[in-house]
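Here is a short briefing to read alongside the model.

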Amino acid sequence: MKKNGSTKITGILGYPIEHTASPCMHNAAFKALKLDWEYIPFEVKPQQLKLAIKSIMSLGMQGVNVTIPHKKAVVPFLDELSDEAEFIGAVNTIVRKGNKLIGYNTDGEGFIKALEEEKISLAGKNVLVLGAGGAANGIIYQLLLGGAKRITIANRTIEKAKALGKHFKGKGNIEILPLDNSLKSAIKDADILINTTSLGMKDADVLLVDKNSLPKSLEAVVDIIYNPPETKLLRIAKKKGIKTMNGLSMLLHQGALSFELWTGKKAPIEVMRKALCQQFKM
Ligand code: ATR
């Protein structure tokens, strides 16, 4: 589409940004809906973040996505936050409404939509979450909303897991585990296992869960990593006949939710999915 003075601008702020897959899915969506919008990746160094956020207003952009390492750092520069963004203290989507910048977080909800698509239900389930970082925070928020019966957080740095457990105190049944032998029995009790750590991006990575301790009784194993699309963890689970899900549909659905926040239109999910699949040559 030819760009002109009325083209509406969105984009993504991150550092580094060269490998982002978001522009392809958003630009494909704008094109499919014949919207004169454009989505541009911006490499923003941490020390430039405040200025970059100000420029959303000064340049009249519609909003942006925010990615690593800015999701938490961006919070003080915004005028309002959604309940979820406020609770988890991180933003992945900014929407300009008049002279205000509103922060949202669509990561957790995107994750739930992806689970729904795979027909993985949460109500009454025991969920074991590996990792206690920002991604785990957003996912646990939504797992609790989805009615998970018990959530066990297992993390290398136990203090981080404890702090996350404390953050959710009173919101649900949460247990904390170190990464030791206790993990083995926790896996036996789990219905769903979710890896939110970066382990598995390289095939050579040592996994937190060894292949023998993964019971066939697990209903699903989920990895939020999308590159590679099949991590070692997912490969092992699949071989055992367990349902698996990677991070690609989470990426898709968080993007679709951002699209809807900006445009007010229903996101063309299949167009966006196709664009992502092409990007990852799947
Ligand atoms: P994100 O926002 O993507 O979740 P993060 O906040 O840096 O990123 O969290 C990364 C998570 O992966 C953490 O739970 C981290 O464990 P620690 O809290 O102990 O650092 C986990 N992680 C990363 N590399 C790991 C490794 N080699 N072994 C075990 N856990 C690892």
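For the residue classes used below, Ala, Val, Leu, Ile, Met, Phe, Trp, Tyr, Cys and Pro count as nonpolar, Asp, Glu, Lys and Arg as charged, and the others, Gly among them, as polar. This is a predicted model, in which local features need pLDDT of at least 70 and side-chain atom pairs count only at pLDDT 80 or more, while totals for chains, interfaces and linings use all residues. Residues are numbered from 1 along each chain as its sequence is written, and side-chain values use heavy atoms, with hydrogens and water left out.

**Domains**

- The protein is assigned domain 1 (8-105 + 249-279) and domain 2 (108-246), with bounds that come from an automatic or database domain assignment.
- Between the C-alpha centres of domain 1 and domain 2 there are 26 Å.
- Across the two domains, 12 residues of domain 1 are in contact with 19 residues of domain 2, where contact means heavy atoms within 4.5 Å.

**The largest cavity**

- Cavities and pockets are found on a 1 Å grid over the protein atoms alone: a cavity is a set of points where a 1.4 Å probe fits but cannot get out, and a pocket is an open set with protein on both sides within 12 Å along at least five of seven lines; lining residues have an atom within 4 Å of a point.
- Grid points are joined across faces, edges and corners, and a volume is the space filled by probe spheres set on the points.
- Searching the whole structure gives 1 cavity of 30 Å³ or more, and the largest cavity holds about 50 Å³.
- Its lining consists of Leu130, Asn195, Thr197, Leu199, Leu207, Leu208, Val209 and Leu233, which by class makes 6 nonpolar, 2 polar and no charged residues.

- Thr197 sits in the loop between strand S10 (192-195) and strand S11 (220-223); helices (H or I, at least four residues) and strands (E, at least two) are DSSP runs, numbered from the N terminus.
- Is Thr197 buried or exposed? Thr197 is buried because its relative accessibility is 17%, given that buried means under 20% relative accessible area, exposed over 50%, and partly exposed in between (1.4 Å probe, protein chains only).
- The side chains of Thr197 and Asn195 make a polar contact at 2.8 Å; a polar contact is a pair of N or O atoms within 3.5 Å, where within protein one must be able to donate a hydrogen and the other to accept it, and residues adjacent in sequence count only if both atoms are side-chain atoms.
- The Thr197 side chain also reaches the backbone nitrogen of Leu199, at 3.1 Å.
- Setting aside residues up to four places away in sequence, Thr197 touches Leu130, Gly131, Leu208 and Ile225.

**The second largest pocket**

- This pocket has a volume of about 260 Å³.
- Of its 16 lining residues, Glu118, Asn246, Leu248, Ser249 and Met282 lie nearest its centre.
- The lining of the second largest pocket comprises 8 nonpolar, 3 polar and 5 charged residues.
- At least two lining residues come from each of helix H8 (232-239), strand S12 (243-245), helix H9 (248-263) and helix H10 (269-279).
- Domain 1 and domain 2 each supply at least three residues of this lining.

**The loop residue Gly89**

- Gly89 is found in the loop between helix H3 (83-88) and strand S5 (93-97), and Gly89 is partly exposed, with a relative accessible area of 25%.
- Gly89 and Lys72 are 17 residues apart in sequence, with C-alpha atoms 6.1 Å apart in space.
- Beyond neighbours within four places in sequence, Gly89 is in contact with Lys71, Lys72 and Val75.
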